[in-house]
Amino acid sequence: MFSVLKFNFPMKRIILSFFLGVLVVSFLSAQSNGTLIGTVKDAETQQPLIGAIVVIAETSLGAVTDLDGVFRITNIPTRSWNITASLLGYQAQTKYNIVITAGNSAQLNFELQPESKALSEVVFSENRSIRIASTETPLSIQNLSAEEIKSNPGGNFDISRVVQALPGVGGTSGNGSFRNDLVIRGGAPNENVYYLDGVEIPILNHFATQGAAGGPTGILNVSFIEDATLSSSAFHSRYDNPLSAVLQFKQRDGNSDRLQGNFRLSGTEAALTAEGPIGSKTTFLASARRSYLQFLFEALDLPIRPNYWDFQYKLTHRIDSRTTLTAIGIGAIDDFSFGLPRETTPENLYVLGSNPLINQWNYTQGFTLKRVLPKGFWNLTFSRNMFDNRLDKFEDNFNGKQNDESKRTLGINSQEIENKLRFENNRITGAWKFSYGASLQYVKYSNNAFTRGRPEVRDSAGNIIQPGVNFNFNTAIDFFKYGLFGQVNRRFLDDRLSLSLGVRSDANSFSSEGAENLWNTLSPRLSASYVLHSKWTLNASVGRYYKILPYTVLGYKNENSELVNRDLPYTRSDHFVAGLEFIPEANLRITLEGFYKEYSSYPVSIRDGISLANLGGDFGIIGNEAIQANGTGRAYGMELFAQQKLSKNLYFTGSYTLFWSEFTGVNDPYIRSAWDTRHLLSLLAGYKFRGNWELGVKFRYQGGTPYTPFDTALSRINYPVEGRGTLDYRRLNGAELADFMQLDMRIDKKWNFRRFTLDLYADLQNILLRANPGFPNYTFQRNSDNSGFETTDGQALKADGSNAIPILLTENNATLLPTIGFILEF
């Protein structure tokens with residue numbers, strides 16, 4: 001949507017404003033000290049560790065944990081530090097790049113792994129805390145700390161955008177790189193699942209695409225996040241529905257000492273966060289964020305008016321020394337409307353005529369009761385999430401006729417509600433570690449849908465060339481989903497070999513296929529890890545994973561009010577992965593992996609004949625049609641990844657992925673998917689200078705994105721109604737955009753005063769002024785004053801577009817996007 005818009009920013013003013021702000025605040029600044037508080041626990045049993053030693057590198061500062069595993073260090077100079085926790089019988093763990101400020105007390109939680117017995121002197125004598133793999137997931141796993149997320153150049157504090165620096169993670173570059181569609185190892189955006197403190201959050205972005213997960217900007221507040229972990233295979237059996245990835249966000253607890261907070265103002269939004277204690281056993285975190293993009297776009301004379309709010313909170317209550325109750329919540333309100341620009345360019349008018357008005361709101365609310373046992377712990381989680389999605393589109397969006405029902409071409413009023421209950425028990429018995437549990441969900445989905453789209457077209461012999469797209473139906477379904485899972489781990493051969501066997505099965509009460517028995521979705525998985533040397537580890541995994549079809553597919557009704565997609569099976573993906581991990585130094589990790597994913601029972605559009613794996617990178621809704629589940633697919637390739645945590649003021653990550661992604665349609669052989677960009681390269685580096693200055697740079701390269709050319713004959717017929725061209729699926733993904741390449745840079749400067757900290761930053765996106773291509777857009781030539789369409793006969797545009805003059809709008813402008821902002825901690 002935004003790819004055809006032209007942005008013009010006063011670059012010189014922004015740079016001057018940044019350095020003027022630095023000069024003014026520098027006269028007022030005064031150095032101060034900060035505080036660090038946190039906990040140290042056993043990673044396997046969650047028991048607090050008493051007497052653990054926590055030290056700050058290159059200083060004599062440190063502390064010892066008390067009876068509750070809590071530590072506190074004061075009078076720490078304000079800068080970035082590496083901090084290590086250790087205890088006899090456990091592997092030491094280091095947390096890197098921990099920023100200490102005067103405004104907020106920093107919080108840090110350690111979870112130490114028990115020391116391996118036979119190899120403690122050989123294999124684990126060195127600090128290997130940069131290794132984040134577990135026995136269940138020994139490979140295809142990466143982690144980003146809170147500081148790496150906050151300071152990411154071009155990331156704009158958006159976690160969904162930041163993880164694109166990790167291996168195998170791409171985006172929809174043809175849309176101008178403005179969306180957060182996560183394409184992981186060649187899989188579609190709706191193949192990923194997201195968890196916040198163990199609670200699934202199905203909506204991760206504002207203006208989300210229903211039936212997928214992408215959108216232009218994320219919902220999560222980075223001030224809450226302790227770290228983010230991405231798994232692209234070898235999934236633990238506790239997670240249902242992942243085919244490509246599991247992205248887990250771990251939130252920190254609120255400050256238990258005092259009330260504190262921060263205010264963030266960026267180029268697009270303002271956010272306020274507060275935290276502190278409530279009595280002696282409870283802490284809270286709460287935030288609200290408001291976009292002002294609608295005002296910015298109006299000032300820039302752009303036709304779109306995106307407007308959003310989001311809210312987030314976390315309450316942690318310690319019932320007793322072994323029992324904790326946690327409540328989390330996140331929600332968003334989105335409104336996407338239009339405004340007639342002062343300059344009515346063809347690009348502006350295309351955006352107005354081709355996109356729907358969007359009105360959405362969503363929330364997720366979760367409660368987790370955690371009980372620590374002598375040899376393990378259990379979690380009981382209840383959550384509820386709701387998504388309300390309304391889409392409206394009219395033939396004349398820009399002429400103020402949004403209330404003229406005769407002009408309506410699209411009307412969607414849909415709701416998705418899920419109520420979830422999950423129990424998980426984790427136990428250790430000798431050398432064995434067990435995890436098992438069950439889940440139950442009650443789902444409600446409704447959709448009041450109207451579409452007046454493309455007409456039916458036949459050839460001279462009466463054969464249908466194009467089926468009409470016109471429907472008007474109401475649907476409401478509700479059903480139960482349930483699942484069982486288990487995982488068992490053990491080490492062998494003097495702890496050199498680690499094995500993990502897991503199994504999961506899911507069913508539902510809606511479809512006969514899903515309700516028959518749990519054997520239909522039995523999904524075993526096996527992971528293995530072998531320590532070759534103190535620095536080298538060989539890892540492998542094989543697994544089968546299932547995903548229920550989107551509710552937009554299950555709830556679709558045809559013209560006879562029949563639920564034609566009701567009895568379709570779960571989509572299946574089989575993973576085969578192997579790799580090497582090399583840790584030459586305590587803060588440096590290098591991995592090399594090869595992967596192969598094979599799909600079956602993939603949904604295919606009956607109308608268009610293409611796999612739904614090619615959809616999800618645009619606004620609106622996908623799957624609202626009749627489908628058949630006979631599609632297959634495959635994605636395979638290799639990844640190289642290197643990560644250095646903060647050392648001598650420098651940190652970096654670098655990754656390269658070579659992959660292929662192919663899917664079948666109704667009758668087609670394997671065809672290159674819409675996500676098969678073939679090459680992904682990402683380089684991210686940051687350097688900490690004296691005086692709390694920091695410089696970060698990020699380079700991203702993506703191979704050419706495939707796209708489907710327009711059917712010129714049908715586009716001419718359909719454009720007057722749909723406001724956009726019609727793709728020629730006979731040439732599915734038969735064209736390719738030029739490569740995507742972008743270099744971003746960010747500069748941060750922090751000032752620490754007695755009780756508050758000011759962080760002023762400047763973020764420059766696309767500093768190489770690279771003209772990255774966008775998808776072409778089909779439209780008709782307009783007259784000189786853009787008040788109507790130019791025609792071949794000088795008459796009004798005919799209903800079938802036969803007298804129109806078709807053109808393609810292309811976007812290859814080199815745009816530099818600068819942003820300045822600040823964060824005030826108090």
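This is a predicted model: local features need pLDDT of at least 70, side-chain atom pairs count only at pLDDT 80 or more; totals for chains, interfaces and linings use all residues.
Two strands count as paired if DSSP finds at least two bridges between them. Strands β2 and β3 run antiparallel and are joined by three bridges, and the structure holds 39 salt bridges.

**The four-stranded sheet**
- Four strands form an open sheet in the order β3-β2-β5-β6, and their pairing is antiparallel.
- At the edges sit β3 (62-64) and β6 (93-99), each of which pairs on one side only.
- From one strand to the next, the twist averages 15°.
- Strand β2 covers residues 53-56, and its Val54 has Ala63 in β3 as bridge partner.

**Salt bridges, pair by pair**
- Side chains of opposite charge can pair when their charged atoms come close.
- Glu269 and Arg264 meet through their side chains in a salt bridge, at 3.2 Å from N to O. Glu269 is buried, with a relative accessible area of 2%, and Arg264 is buried too, at 4%.
- Asp392 forms a salt bridge with Arg390, with the closest N and O atoms 3.0 Å apart. Here Asp392 counts as buried at 12% relative accessibility, whereas Arg390 is partly exposed at 38%.
- In the salt bridge between Asp574 and Arg544, the closest N and O atoms are 2.8 Å apart. This pair links distant parts of the chain, 30 residues apart: Asp574 lies in strand β32 (residues 571-585) and Arg544 in strand β31 (residues 536-547). Asp574 is buried at 6% relative accessible area, while Arg544 is partly exposed at 28%.

**A charged network**
- Salt bridges also link Glu200, Glu418, Lys420 and Lys481 in a network.

Conventions:
Residues are numbered from 1 along each chain as its sequence is written. Side-chain values use heavy atoms; hydrogens and water are left out. Helices (H or I, at least four residues) and strands (E, at least two) are DSSP runs, numbered from the N terminus. Axes are lines fitted to C-alpha atoms, for helices over the stretch in contact, and angles run from 0 to 180 degrees between N-to-C directions. A salt bridge is a side-chain nitrogen of Lys or Arg within 4 Å of a carboxyl oxygen of Asp or Glu. Buried means under 20% relative accessible area, exposed over 50%, partly exposed in between (1.4 Å probe, protein chains only).
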